[in-house]
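Here is a short report on charged pairs and their surroundings. Look at the sequence and the model before reading on.

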Amino acid sequence: MQKENNGLHELEVSKVRHWTSSTFSFSCVRPDNFRFRSGEFVMIGLEMDNKPLLRAYSIASPNWHEEFEFYSIKVKDGPLTSKLQQLKAGDNILFRNKPVGTLVNDALLKGKRLFLFSTGTGIAPFTSIIRDPETYEKFSEVVLFQTCRYVDELGYGKSTIESIFKDEILSEIVTNKLRFFPTTTREPSQYSGRVTDWLKSKRFVEEIGSDLNPLDDRAMICGSNAMLNDFKEICLERGLKEGSNSSPGQFVIEKAFVD
Ligand code: A2P
């Protein structure tokens, strides 16, 4: 069901999945005639006290997919997420049909390797980008990093990666090109530590083969303000220039949704 009211549409929720006590994902019936670039965000929300309460959410599904998916944190007492986490299939959310954002292939110059650095729900735009065949036309290697405090918070990313490798068409496109490094900082797991620390030590080169360089490498960064600043500083130090839609560059950043 889709109704329109003051530029806002109502979208029906088709699926909700709770991943941890602090994260969940939900899908909506994709709006008719809706076009976006993988990695973009839209304003979504709920009506509260007869007013729309909207926040920016990255679209976690790729632009060709019939599912229209979001991945969200649950903030205790957060004005929107405390309500949004109660969604069930059949409920409606509000949505503004105006996709925007800088975490898009268009904002990056052509390169060889694409690094996607995320923490927590900052992985959402990247689960869109890694499922878009255009990404693999532009880059011969795509490396996704997600850092979380605990192992269970990595479930959404791991499950998306598994679904990609199980998909007949996508698996053919991504095999030998896509790599995923899920890391934890407060519990041991296969990979540990902040990726900023990997970049500042030998660890990054040990895992990846060579350091970030402006000739071959492009990066997208999504997380908290502090995380963005730390990665941005490292990219600038390595000689990468920040890009935007109007002036493509070697790395782009965007803040992940927080409350
Ligand atoms: P840490 O456990 O060392 O703080 P948060 O929930 O605070 O946003 O953190 C999510 C994940 O991102 C945690 O694993 C955290 O590591 C890591 N993190 C937080 N701040 C930064 C930063 N400035 N640079 C890199 N990683 C960060």
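## Salt bridges

Twelve salt bridges are found in the structure. A salt bridge here is a side-chain nitrogen of Lys or Arg within 4 Å of a carboxyl oxygen of Asp or Glu. Side chains of opposite charge can pair when their charged atoms come close.

The model is predicted: local features need pLDDT of at least 70, side-chain atom pairs count only at pLDDT 80 or more, and totals for chains, interfaces and linings use all residues. Residues are numbered from 1 along each chain as its sequence is written, and side-chain values use heavy atoms, with hydrogens and water left out.

| Pair | N to O distance |
|---|---|
| Glutamate 69 and arginine 131 | 3.7 Å |
| Aspartate 217 and arginine 113 | 2.7 Å |
| Lysine 232 and glutamate 242 | 3.1 Å |

Take glutamate 69 and arginine 131, which form a salt bridge. Glutamate 69 sits in strand β6 (residues 67-73) and arginine 131 in the loop between α2 and α3, so their pairing ties together parts 62 residues apart in sequence. Helices (H or I, at least four residues) and strands (E, at least two) are DSSP runs, numbered from the N terminus.

Is arginine 131 buried or exposed? Arginine 131 counts as buried because its relative accessibility is 8%. Buried means under 20% relative accessible area, exposed over 50%, and partly exposed in between (1.4 Å probe, protein chains only). Glutamate 69 is buried too, at 11%. Contact means heavy atoms within 4.5 Å. Leaving aside neighbours within four places in sequence, arginine 131 has contacts that include Trp64, His65, Glu69 and Leu170.

Next come aspartate 217 and arginine 113, whose side chains meet in a salt bridge. This pair links strand β12 (residues 217-223) with strand β8 (residues 113-119), and the two residues are 104 apart. Aspartate 217 is buried at 0% relative accessibility. Arginine 113 is buried as well, at 8%.

Lysine 232 pairs with glutamate 242. Lysine 232 belongs to helix α8 (residues 225-237), and glutamate 242 to the loop between α8 and β13 (251-255), so the pair ties together parts ten residues apart in sequence. Lysine 232 is partly exposed at 27%, and glutamate 242 is partly exposed at 38%.

Some salt bridges join up. Arg37, Glu40 and Asp106 are linked in a network of them.

## A loop glycine

Glycine 7 is partly exposed, at 33% relative accessibility.
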